[in-house]
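Colleague: Before I rely on the labels attached to this model, I would like to hear how each of them was reached.

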Amino acid sequence: MLTAVSEAIDAINKKEGEISSFIAIPLLFVVVFEVFMRYLFNAPTMWAFELTVFLYGIHFVLGYAYTDRLDGHVRVDVLVMRLSPKPRAILNCATLLVIFFPFMTCLSIWLWRFALISVGQRELNSTSWAPPIYPVKVLMAIGFTLLLLQGVSSLIKNIQIASGKSTK
C-alpha cells in the first residue's frame with residue numbers, strides 16, 4: 001500500500017512538473033516583448049518586469065517537487081555517497097524526519113494561511129500596475145505542498161530500502 005502511495009505522489013508530481021514547464025513559454029514572450037519595447041522603441045512597459053518575476057517565481061516553485069522526484073536538487077554528498085544503500089537510506093530517513101518534514105510542514109501551513117488571507121482580501125500588488133497577487137500566493141502554497149508530499153514519497157522509498165524490501 002505504501003508503494004502505491006509513493007507511486008501516486010510521484011505520478012502527480014511528474015505530471016505537474018511537465019505541465020508547469022510550459023510556463024517558460026509565456027515568460028519568454030514577455031521578456032522578448034519587453035526587450036523590443038525598451039530597446040527598439042524606447043517605450044518600456046509598466047508591467048513586463050513584474051510579470052516576469054511572477055512567472056519565473058511560479059515556474060521555480062512548481063518545479064521543486066518535480067526536481068526532488070528526479071533527485072535533482074543540489075547537495076553535497078561526499079560522505080553519503082560512500083555509504084552502502086541501506087545506511088544511506090537510514091540517514092535519508094533521519095534527515096527527512098528531523099529537518100525536512102518539520103520545516104516543510106510549517107512552511108506549507110504558513111503559505112496556505114497567507115494564500116487564503118490574500119484570496120479573501122483579493123489582494124493586489126502594491127505597484128502602479130497593481131495586478132492580483134493572490135493567484136501567485138496560492139500557486140506558491142501548492143508548490144511547497146507538492147514538495148512536502150514528494151518528501152513523503154522519498155521517505156517511503158527510503159524506508160523500503162532500509163528494511164531490505166527494495167534496492168532502488
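Colleague: Why is helix 1 called oblique to helix 3?

Modeller: In this predicted model, helix 1 (residues 2-20) packs against helix 3 (residues 48-69) at an angle of about 140°, and their axes are 8 Å apart. Angles under 35 degrees count as roughly parallel, over 145 as roughly antiparallel, 65 to 115 as roughly perpendicular and the rest as oblique, so helix 1 is oblique to helix 3. The crossing of the two helices is left-handed.

Colleague: Which residues make the contact of helix 1 with helix 3?

Modeller: Taking contact as heavy atoms within 4.5 Å, helix 1 contributes Asp-10, Asn-13, Lys-14, Glu-16, Gly-17, Glu-18 and Ser-20, while helix 3 contributes His-59, Leu-62, Ala-65, Tyr-66 and Arg-69.

Colleague: Why does Cys-93 count as buried?

Modeller: Buried means under 20% relative accessible area, exposed over 50%, and partly exposed in between, with a 1.4 Å probe and protein chains only; Cys-93 has 10% relative accessibility and therefore counts as buried. Cys-106, by contrast, has a relative accessible area of 34% and is therefore partly exposed.

Colleague: How many disulfides does a search of the whole structure find?

Modeller: The search finds zero disulfides, a disulfide being a pair of cysteine sulfur atoms within 2.5 Å.

Colleague: What makes Thr-67 partly exposed?

Modeller: Thr-67, which is found in helix 3, has a relative accessible area of 26% and is therefore partly exposed. Leaving aside neighbours within four places in sequence, Thr-67 is in contact with Gly-72 and His-73.

Colleague: What conventions apply?

Modeller: Residues are numbered from 1 along each chain as its sequence is written. In this predicted model, local features need pLDDT of at least 70, side-chain atom pairs count only at pLDDT 80 or more, and totals for chains, interfaces and linings use all residues, while side-chain values use heavy atoms, leaving out hydrogens and water.

Terms used: Axes fitted to C-alpha atoms, helices over the stretch in contact; angles between N-to-C directions. Helix = DSSP H or I, 4+ residues; strand = E, 2+ residues; numbered from the N terminus. Left-handed = near helix turned anticlockwise from the far one by under 90°.
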